[in-house]
Amino acid sequence: MQYTLLILLLPLLSFIVLGLVDSKWKPKVAGTIGTVVLTIITVLSYFTAFEYFTTARLDGVYQKIIPFHMEWLRFTEYLHIDLGILLDPISVMMLVVITTISLMVNIYSLGYMKNEKGFERYYAFLSLFTFSMLGLVVATNIFQMYIFWELVGVSSYLLIGFYYTKPSAVAAAKKAFIVTRFADLGFLIGILILSFYTKTFDFGILTSANPAVFSGFAGVTFLGFSALSWAMALIFIGGAGKSAMFPLQIWLPDAMEGPTPVSALIHAATMVVAGVFLVARLFPIYVDYTPHVLHGIAYVGAFTSLFAAAIACVQTDIKRVLAFSTISQIGFMMVSLGVSGNGGHEGLGYMASMFHLFNHAMFKGLLFLGAGSLIHAVHSNEMSHMGGLRKYMPVTHITFLIACLAIAGIPPFSGFFSKDEIMAACYEFSPYMGAFMTFTAGLTAFYMFRLYYGIFWGKEHKHEHTPHESPIAMAFPLVFLATITVFAGFIPFGHFVTSDRANYDIELDNMVAGISVLVALIFIALATFMYRKESDIPKKLAKSFSGLYKAASRRFYIDEVYMFITKKIVFNSISRPLAWFDRNVIDATMNGFASSTQWTSQKIKGVQSGQVQQYAYVFLLGTLLITALILFI
Amino acid sequence: MGDLFTNFLSGSVPMEAYLGVSLIMFFAGVYGFLSRKSLLMILISIELMLNAADINFVVFNRYLYPGQMEGFFFALFTIAIAACETAVAIAIIINIYRNLTSVEVGELDEMKE
């Protein structure tokens, strides 16, 4: 399966070509190149998936295949950094997800970004992102993953700041980069601790379930926890930063400043699930050696999902609602991983998490692209500027509704199946966790239908011109993703992706499924009652819970807390003294060297008179002196 | 003195006499190089020094290694090189004169900065 290397190299090539030619070609050419390359690698990925899932089974277990591997940098016997491609069920699944969404976004952008300044740059960055994300998921070792992890961060930064003349976009890009970088520091330290004691970066060895690998950790503790727990927790912090887990979620809502297709690709479907993927990749270590860290992940995920869902209920910017919804859904995936055990029915959560990741990528990509279509039509992100759009934009309306039903967990749409598995896994972990997540799922249904009614129903807003359906380039991805959303639930996912890579037959737990559908329907009904027609119930509710409402709409003041910590505490007590030291001690020393050199040279520059004969005279004297010394000493 | 003259006529001048001449020539050249103001005079001084070296070559060859020819050949080489060097130097001096309408060495301090 050597051709998988092409899946990585083609987008890189397209990035280089598009990046170098910049604006020398017509924008359309750049868009076409990007899209064609994506089409090729999408086909290749599907082919890889087909070939992998039809051939790679041995004793009922999918084998890990490494079609390409090379040693990149060798420092010592143990410390060497390799590059390679690792195919196993989750990476193959991610290949399919990434290339599909990426292709849809590329096609969609042909319409959405038409006539934008920097169209070529946009496509170059999209290619860079696709390359990095694909490199991340097929990484054979944790350090390669880290390299691509950072590349993904950079391309995310570049794309959020695409409208670099807009100050808010620049600030958002900076925020996203700094917050995720901060989390990546944890990731890096985690990697270093882990590899220091195990003497390897390689996933194959790390996840081989061989206790000898971790024998180096024996007895090493720090602050009451074993070093391995610290390493795994720190690695999770990296994942939490990328996946916007509480309290590192602050960058994701702001990242919506980027172009909407970018939000669909990076900040909904692919990059933000990198953290989930990371935990899934290292799952054998988490579940076998540090189950308490895994439970911690579950609690963080659960809290984040409720927290973000609560905020999503009061946001008015449609992209922000979707952003918080993304955070909440990633929380679901994290919970699901966190409550999972290993193998067979125990590993239900793992399977459910990956299934939800797959479905979520499709329907959340669809929601964002739909949002882009709406923004394209009404030139505003605000829900209050929309309303009654269902008559004008039928395709967007239907596809958006499908995605809303999917995320709310209504059968037979894809979200129902994966979310139901998550619920089942949660109830098996503990009934409280199950109930908690069921409530959060209900809240999900509520805010999604609040959004839906706010956009497509309700009072019509006066528009400058009549909103129109989007062009075919934008409508096609919507229809395509909606089709996947309708049918993806029937994929026998347990046949493909499970924690032990063996076959697992999904059985719907009727009890759990019934409860979650019922809860979803109740909350949808509530949303219908409140938002379908213009009514004053939402306002009354907002008034009677004004404290809660205000806090939620200000995102529970987490940003303010960050600003307080950074601006007041870190800047004043650490940065300022350091800056003073830098300016007055380090810079001053260097300036002193420079000025004393200058002073000396001013003093002695008279010696260089430019008079040849003087030089010759000195030269002669020197010669005579040396001669005399040789002769007489 | 009379002795020296007689020896000279009879062809048996001691080596030191030749070396004395070349020494005087060389230091005359050095002095000229350091003290003259005109580039042409400096050039002539350089020629003097070169010729002093030539005399040494010939003399050492003649007196110390009478059976060999290297010294003579070196003298010939030096003469040829001195001719080339003079041609180049004259060309440079002419260009300097065109630019500065002067061949005074003291005015050639443009390069110091």
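In which helix of chain A is the place of Leu151(A)? In this predicted model, Leu151(A) belongs to helix H5, which covers residues 142–160 of chain A. Leu151(A) counts as partly exposed, because 17 C-beta neighbours lie inside 10 Å. Between Leu151(A) and Gly372(A) there are 26 Å from C-alpha to C-alpha, at a sequence separation of 221 residues.

Let me turn to chain B. Its secondary structure consists of 4 helices and 0 strands, and along the sequence the pattern reads α-α-α-α. Chain B has 113 residues, of which 10% count as buried. If we take the contacts in chain B between residues at least 6 apart in sequence, 48% of them join residues at least 24 apart.

I would now draw your attention to one helix pair in chain B. Helix H3(B), residues 39–64, and helix H4(B), residues 70–100, have axes that come within 9 Å and cross at roughly 175 degrees. H3(B) is therefore roughly antiparallel to H4(B). By class, their contact comprises 16 nonpolar, 4 polar and 3 charged residues.

Finally, the contact between the chains. Chain B contributes 9 residues and chain A contributes 9 residues. The side of chain B that touches chain A divides into 6 nonpolar, 1 polar and 2 charged residues.

Conventions. Residues are numbered from 1 along each chain as its sequence is written. Chains are lettered from A and ligands numbered from 1 in the order in which they are written. This is a predicted model: local features need pLDDT of at least 70, side-chain atom pairs count only at pLDDT 80 or more; totals for chains, interfaces and linings use all residues. Axes are lines fitted to C-alpha atoms, for helices over the stretch in contact, and angles run from 0 to 180 degrees between N-to-C directions. Helices (H or I, at least four residues) and strands (E, at least two) are DSSP runs, numbered from the N terminus. Angles under 35 degrees count as roughly parallel, over 145 as roughly antiparallel, 65 to 115 as roughly perpendicular and the rest as oblique. Ala, Val, Leu, Ile, Met, Phe, Trp, Tyr, Cys and Pro count as nonpolar, Asp, Glu, Lys and Arg as charged, and the others, Gly among them, as polar. A residue is buried if 20 or more other C-beta atoms lie within 10 Å of its own, exposed if 12 or fewer, and partly exposed in between; C-beta atoms are placed from the backbone. Two residues are in contact if their C-beta atoms, placed from the backbone, lie within 7 Å.
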